[in-house]
Amino acid sequence: RRAMSKLDEDYDSKYEDDYGEAKRGGGGGKEAEYDDGDDPNAVVLPELVKKFAHFVVSKKFRQPVNGWIQKNCDDFRGADFAEEQRIEWTALYEDYIGVVERLLDEFCDKNRVDAEDVFREVQAVTHSGELDDEFLPGILHIADYEYFLKQMAFAADKKVLIEDARDQAAESKGDSDSITGVWKVDKKKTDFSTVDAWLSALRVPKTFVGVAKGSFFSNKEVLITQDRAGCTIIQESPFGMRKEQYDLDGATKLVRNLWNRTTPVTARETRRGEVVIAYEEPPQLPRGSQLRYRWGALDDGRSLSCVMEADVRGRGVVTQEIWYKRA
């Protein structure tokens, strides 16, 4: 096992290929001066976990893994995993695991650690309940078979999913309240000066500030389909594509996220046609806190607003609004 080139310690600059303005901090100040110790709400991570997290979201890891998925995803087009499990998928999974393991071996050689030590420390942080499910748990599941199947299917069906969302948007063109369609972040309309406060409210560690900010500057599409019964949101995260489906009935449901963790969620449609999604017990926040996402179409359906509210017990409500335009 031979070590790969220098570990990416300056993650933000490496992330610019996907999220162009991430390293500039969105107008929220110099990120180089932001440290876990500066924010009493931030989660402080062990040094080995920080290095490993940097590695799995760096281009050194993402490019070969994503490249392999794009090259080998054709057999998964239109796949229904509830109805079939093909033998050839297992063989492809073994090849995929080989790619991931080689990269992880190189990380371990570079840092003179065993893989068992890495995952033991990562699991300790994960099981502490202090970290948002969007981050470290994704590292743990990147080699899972279910994760592999979902990412292969998303890659194979991405063009079809985009076309379907655009077709449904065209069908609902007369409805100015519809949020159905293909969207991209509108960087001119969005005020990024409040991003730091939002990330602080979510207790995001410094290690993940760059990747979290980068997601706000993403040039990737967000696909949304909505009808009176439910809403589906498909978007790219630092650990792969994710699909979330919500029943708009206002009832509390246990929703399983990309990392196989369930959390109580309510979703409803307001009289103005907005979709409000509330995470009732975010594991990384004090008991009694809530995260709310309010999606609404504006400008006769040409713009989309997502108002995100972190209602943190003992701290109050912190808000971040992201604007989108049709892609």
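Visitor: Why does D74 count as partly exposed?

Guide: D74 has 46% relative accessibility. Buried means under 20% relative accessible area, exposed means over 50%, and partly exposed lies in between, with a 1.4 Å probe and protein chains only as cover. The value 46% falls in between, so D74 counts as partly exposed.

Visitor: What kind of model is this, and how are residues numbered?

Guide: This is a predicted model, where local features need pLDDT of at least 70, side-chain atom pairs count only at pLDDT 80 or more, and totals for chains, interfaces and linings use all residues. Residues are numbered from 1 along each chain as its sequence is written, and side-chain values use heavy atoms, with hydrogens and water left out.

Visitor: What makes R77 and D74 a salt bridge?

Guide: A salt bridge is a side-chain nitrogen of Lys or Arg within 4 Å of a carboxyl oxygen of Asp or Glu. The closest N and O atoms of R77 and D74 are 3.3 Å apart. That is within 4 Å, so the pair is a salt bridge. R77 is partly exposed because its relative accessibility is 47%.

Visitor: How many salt bridges does this rule give?

Guide: The count comes to 13.

Visitor: What makes K158 and E221 a salt bridge?

Guide: Their closest N and O atoms are 3.8 Å apart. That lies within the 4 Å cut-off, so the pair qualifies. The two residues link distant parts of the chain, 63 residues apart. K158 sits in helix α7, and E221 in the loop between α9 (206–216) and β2. K158 has 30% relative accessibility, so K158 is partly exposed.

Visitor: How do you know that D249 and K253 form a salt bridge?

Guide: The N to O distance between their side chains is 3.0 Å. Again this is within 4 Å, so the label holds. Salt bridges that share partners join D247, D249 and K253 into one network. D249 has 47% relative accessibility and so is partly exposed. K253, at 27%, is partly exposed too.

Visitor: Which residues form a negative surface patch?

Guide: E163, D164, D167 and E171 form it. Asp and Glu count as negative, Lys and Arg as positive, while His and the chain ends are not counted. Patch residues have over 30% relative accessible area and no salt bridge, and like charges are joined within 9 Å. E163 lies in helix α7 (residues 145–171).

Visitor: Why is N111 called buried?

Guide: N111 has 17% relative accessibility, so N111 is under the 20% cut-off and counts as buried. N111 belongs to helix α4 (residues 87–111). F52 is 59 residues from N111 in sequence, and 9.5 Å from N111 in space, C-alpha to C-alpha.

Visitor: How many residues of helix α2 are buried?

Guide: In α2 (residues 47–56), 8 of the 10 residues are buried, and the helix is mostly covered. Among them are L48, F52 and F55.

Visitor: What makes β1 a partner of β2?

Guide: Two strands pair if DSSP finds at least two bridges between them. Strand β1 (residues 181–185) has 3 bridges to β2 (residues 222–226), and the two run antiparallel. G181 stands opposite I224 in β2. There are also 3 bridges from β1 to β10 (residues 316–326), again antiparallel. K184 has K325 in β10 as its bridge partner.

Visitor: How do you know that β9 pairs with β8?

Guide: They share 9 bridges in the antiparallel sense. The cut-off is at least two, so they pair. The bridge partner of W295 is C306 in β9. Strand β9 also has 10 bridges to β10, running antiparallel.

Visitor: Why does D300 count as exposed?

Guide: D300 has 64% relative accessibility, which is over 50%, so D300 is exposed. D300 is in the loop between β8 and β9, with a positive phi near 55°. D299 lies in that loop, and its phi is near 55°. D299 has a relative accessible area of 36% and is therefore partly exposed.

Key: Patch = residues over 30% accessible without salt bridge, like charges linked within 9 Å, V, L, I, M, F, W, Y side chains within 5 Å. Areas by Shrake-Rupley, 256 points an atom, 1.4 Å probe, with all protein chains shown as cover. Charge placed at Lys NZ, Arg CZ, Asp CG, Glu CD. Helix = DSSP H or I, 4+ residues; strand = E, 2+ residues; numbered from the N terminus.
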